[in-house]
Amino acid sequence: MSYANRKQMSSNRTAAIIIVALIHVALGYALVSGLAYNVVKKAAEDLKTFDVEDEPPPPPEEPPPPPEQNTPPPPQVVAPPPIVRTNTVAPPIISTPVAPPPVITPRAAPAPPAPPAPPPPRVSQAARAKGNLVSLFSTDDYPQSAIRNEEQGTTAVRLSIGTDGRVTGCDVTASSGSTALDAATCNILRRRARFTPAKDQAGNPVTDSYSQRIRWELPED
C-alpha cells in the first residue's frame, strides 16, 4: 500500500474518532439538559446511518529472502589407501622324474646245451722232429737290427704240429730280450721245421705240440 493511501486512511479514522467524541458530548449534554427522547432517537439513527469502514488490513509483507548461506562443499570421499600386498614367493615345485615303465623284452627260449666235445684223441706216439732243429739256424739268419744293437739270448718256443707234420703255430714261452730274435725264431721254424706227426692208439696221425729252445749269439767278425 502507498504512503498516500495510508495517510488518507489515517485522516478518515481521526475524523471518525472526532465525530464519535462529539456525539458522546452531545448525548451527554442531551441527557443532562433533559432533551426529549426523539433527540436521543434521532442521534441514534444518525449513528446508525454513519458507517465507519475499517481500513482493510494491509496485505502481509513477503518475507525477505533468506540470506545466502555459504553451503560448505560436500565432504570429499577419499578412497582408502591401497592394500599393500607383499609378493609371497611360492615354494619351488620340485618335479621328481618318473622312471618309465620297464620294457619287457620277450626272451627266446634258451637253446639246449651243446653236447660235450669229444675228448681229444689220446696220443700214443708223440710227434718227432725230423732232424735237429738247431741246425736249421745259421749266422746269416741273425737279424741285422739285433747285430747293430748287439742283442743276443735264448728264445723258448712251443710249436703246434699238424697232422701233416708241419708247424701250424709258434708261441714264445720265454723271450730272449730281443723282439727281433724272438720273431726270427718263429719265422724260421714255421718255414723249415718238419716233424713226424703224432699218432693215436689206432695209428692215425693227430695234432701235437713240441717245445724248443734256440740260443742266439752274435757272430764273430
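1. Three aromatic pairs turn up when the whole structure, which is a predicted model, is searched. One of them joins Tyr142 and Trp216 in an edge-to-face arrangement, with 5.4 Å from centre to centre and 85° between the planes. The 85° is well placed for that label, because planes over 60 degrees apart count as edge-to-face.

2. This pair links distant parts of the chain, since Tyr142 lies in the loop between β2 (128–129) and α3 (144–148), whereas Trp216 belongs to strand β8 (residues 208–216), and 74 residues separate them. Both Tyr142 and Trp216 are buried, and ring pairs connect Phe137, Tyr142 and Trp216 into a cluster.

3. As to the fold, the protein contains four helices and eight strands, which follow one another from the N terminus as α-α-β-β-α-β-β-α-β-β-β-β.

4. An open sheet is built from three strands in the order β1-β6-β7, with antiparallel pairing. Because β1 (123–125) and β7 (205–206) stand at the edges and each has a single partner strand, one side of each is left without a neighbour in the sheet. Between β1 and strand β6 (residues 198–200) there are two bridges, and Gln125 has Lys199 of β6 as its bridge partner.

5. Among contacts with a separation of 6 or more, 73% are between residues 24 or more positions apart.

Conventions: Residues numbered from 1 in each chain as written. Predicted model: local features only at pLDDT ≥ 70, side-chain atom pairs only at ≥ 80, totals over all residues. Heavy atoms only, no water. Contact = heavy atoms within 4.5 Å. Pairing = 2+ DSSP bridges. Phe/Tyr/Trp six-rings, centres within 6.5 Å; stacked < 30°, edge-to-face > 60°. Buried < 20%, exposed > 50% of the residue type's maximum accessible area, 1.4 Å probe, protein only.
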